[in-house]
Amino acid sequence: MLKDSKAFSGFSAADIQTAKKFYSETLGLDVTESHGVLTLRLAGGNNVLIYPKPNHVPATFTVLNFT
């Protein structure tokens with residue numbers, strides 16, 4: 001049913017502006033922001049959504065991998 005649908009990954013962050021600064025300035029990724037939500041534009045056409053969550057708890061597992 002969904003095998004031909006495009007999909008994307010996403011995770012939450014407590015502070016979108018801090019996340020934007022980290023991913024754009026520290027890691028040098030292409031980051032866009034729209035309506036308080038970030039999109040990381042990764043090589044190969046992959047996108048990752050970062051959305052605000054007031055009661056965010058950092059993941060205890062890896063959410064983004066680079067080769």
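This is a predicted model: local features need pLDDT of at least 70, side-chain atom pairs count only at pLDDT 80 or more; totals for chains, interfaces and linings use all residues.
The pocket is lined by 15 residues, of which Phe-11, Ser-12, Ala-13, His-56 and Pro-58 are the closest to its centre. Two elements, β1 and α1, each give two or more residues to the lining of the largest pocket, and α1 gives the most, with four residues. When sorted by class, the lining of this pocket comprises 11 nonpolar residues, three polar residues and one charged residue.

Two aromatic pairs are found in the structure. In one of them, Phe-11 and Tyr-23 adopt a tilted arrangement, with 6.2 Å centre to centre and 55° between the planes. Because Phe-11 belongs to strand β1 (residues 9-13) and Tyr-23 to helix α1 (residues 16-26), this pair ties together parts that are 12 residues apart in sequence. Phe-11 has a relative accessibility of 12% and therefore counts as buried, and Tyr-23 is likewise buried, with a relative accessible area of 12%.

Phe-22 and Tyr-23 form an aromatic pair that is edge-to-face, with 4.9 Å centre to centre and 80° between the planes. Phe-22 counts as partly exposed, because its relative accessibility of 37% falls between the limits of under 20% for buried and over 50% for exposed residues.

Key. Residues are numbered from 1 along each chain as its sequence is written. Side-chain values use heavy atoms; hydrogens and water are left out. Rings of Phe, Tyr and Trp (its six-membered ring) pair if their centres lie within 6.5 Å; planes under 30 degrees apart count as stacked, over 60 as edge-to-face and the rest as tilted. Buried means under 20% relative accessible area, exposed over 50%, partly exposed in between (1.4 Å probe, protein chains only). On a 1 Å grid over the protein atoms alone, a cavity is a set of points where a 1.4 Å probe fits but cannot get out, and a pocket is an open set with protein on both sides within 12 Å along at least five of seven lines; lining residues have an atom within 4 Å of a point. Ala, Val, Leu, Ile, Met, Phe, Trp, Tyr, Cys and Pro count as nonpolar, Asp, Glu, Lys and Arg as charged, and the others, Gly among them, as polar.
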